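Please read them with the structure open.

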Amino acid sequence: MKSPAFDYIRADSPQHAFELLAKHGDDARVIAGGQTLLATLNMRLSQPALLVDIAGFGAWRGIAVQGPTLRIGALARHSEVESSPLVARHAPLLAQAAPHIAHRAIRNLGTFGGALAYADPAAEWPACVLALDATLVIASAKGERRVAAADFFQGLYTTAMQPGELLMACEIPLIADGERQHFSELSRRQGDYAVAGLAARAKVVGSRLREVRLAFLSLGDRPIRARAAEAALQGGTFDDARLAQADAALRAELDPFDDLTHSAAAKKQLAATLMRRAVAALLQR
Amino acid sequence: MKTPTDSPTRRVRVEVNGTPLVREVECRKHLIDFLREDCGLKGSHLGCEHGVCGACTVRLDGQIVRGCLVLAAQADGHRVDTVETPTPGKRLKALQDAFVEHNALQCGYCTPGMLMAALELVEHKPEADRAQVREWMSGNYCRCTGYHAIVDAVCAVLEQQKAGRFADEPVDSADEVRA
């Protein structure tokens, strides 16, 4: 179907965007890649009076190493993250996750920051940045502020961002010596929303796991750290008993709701499967 | 400012299949409607209009996009190529021939989108195996063929490329400047 009428302005600069958003308030929506917004408008689920196009902010597009972090600009396209040698080297989790995002045509336009700001619980990037202990850099007319990923995702399609703010970049710690990262998701068809997904990383020392991070997508209203399972996996030598403890801990702490295709029980089972596979992958590589 | 009761418009300048065009369009008009209605290019098709079927796949600045998920206004100042391009490269022509040879179309509705998606694969994933071709093409739906013939056609062109058939047409990397 065709979207309702709206006006469209290309913001010349972040400052210009902040002025427009302040002036128009709820009547305006920001468009960057537009891969979610335009589908929403085509279905008439939203009727803004004005779109403010921020895609032209060149300074917000780059991917670069800055000291101890990899900085990914909010306007980097998914396909740029997918094919970046810096991402492959310093945050391989993202390179593994990227091909699961929709399909190539959507990845060519959709933006890294757009997906983070929209915070779909089934999205890949939110779970990844949560697992990576990343920092989100938020800009507004008043300046910049930083929010840890753990504090950024607050609920269904809800983040720490306030009206009038724009996500500018994401800073990701470079993968450390001895650290491994693994992303996997289960969906009914290639490119579908995940039924369950897991962004995992850990330091591997012999047959022990340290600093384990398990961030699940599609298991709640936001990406979820399975902290009890993480704690169970850490510490001593990894063996079947430890995996069984972690499995029990995971099933106790997860509380998904039924979705369109799978019951809560099925989703929990899939989450446990993903964890088992991720641990095997982390230990082997 | 409430939702406008009239529909705001904007003048856009888009290079379409090598020709600079200037049109006055509603801001809400998406690229595929712009191409079909304002540029008279009926070769690309509309299916679901929310980004899942791939029938509207066209190229923006040398990369495939969903025509229903881009506004004509966003394409202002940029370059669009469709299956009707008067200067198809050897790879596109080879794909078209392969589709015919392998019976990879019946009604033809999905075909322009399939060709655009396949072209980007051939250009950017020359080592793709059959499974990877299937993954890549999974964003384009077909109701007629059952898909295998389409995958056969794409794989055949990948083989031709490996044998050096397109060696005199190097692939351009995608433009830096994007909408």
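**Notes on the predicted complex**

1. Interface. In this predicted model, 33 residues of chain B are in contact with 30 residues of chain A. Contact means that two C-beta atoms, placed from the backbone, lie within 7 Å. On the chain B side, β4 (63–66), α3 (111–124) and α4 (130–137) each supply at least two residues. The largest share, 4 residues, comes from β4(B). This side of chain B divides into 14 nonpolar, 11 polar and 8 charged residues. Here Ala, Val, Leu, Ile, Met, Phe, Trp, Tyr, Cys and Pro count as nonpolar, Asp, Glu, Lys and Arg as charged, and the others, Gly among them, as polar. Helices (H or I, at least four residues) and strands (E, at least two) are DSSP runs, numbered from the N terminus.

2. Conventions. Residues are numbered from 1 along each chain as its sequence is written, and chains are lettered from A and ligands numbered from 1 in the order in which they are written. As the model is predicted, local features need pLDDT of at least 70 and side-chain atom pairs count only at pLDDT 80 or more, while totals for chains, interfaces and linings use all residues.

3. Confidence. The predictor gives the complex an ipTM of 0.93 and a pTM of 0.95. Chain B has a mean pLDDT (the predictor's confidence in each residue, from 0 to 100) of 94, and 93% of its residues reach 70 or more. Over residues 175–179 of chain B the pLDDT is below 50, and this stretch has 8 contacts in the model beyond near neighbours in sequence. Where pLDDT is low, the predicted coordinates should not be read in detail.

4. Helix packing in chain B. α3(B) and helix α5 (residues 148–162) pack at an angle of about 35 degrees, with their axes 11 Å apart. Axes are lines fitted to C-alpha atoms, for helices over the stretch in contact, and angles run from 0 to 180 degrees between N-to-C directions. From α3(B), Met114(B), Ala118(B), Leu121(B) and Val122(B) meet residues of α5(B), including Ile150(B) and Gln161(B). The residues of this contact are 8 nonpolar, 1 polar and no charged.

5. Leu51(A) sits in strand β3 (residues 50–53). Leaving aside neighbours within four places in sequence, Leu51(A) is in contact with Phe6(A), Tyr8(A), Arg29(A) and Ile31(A).
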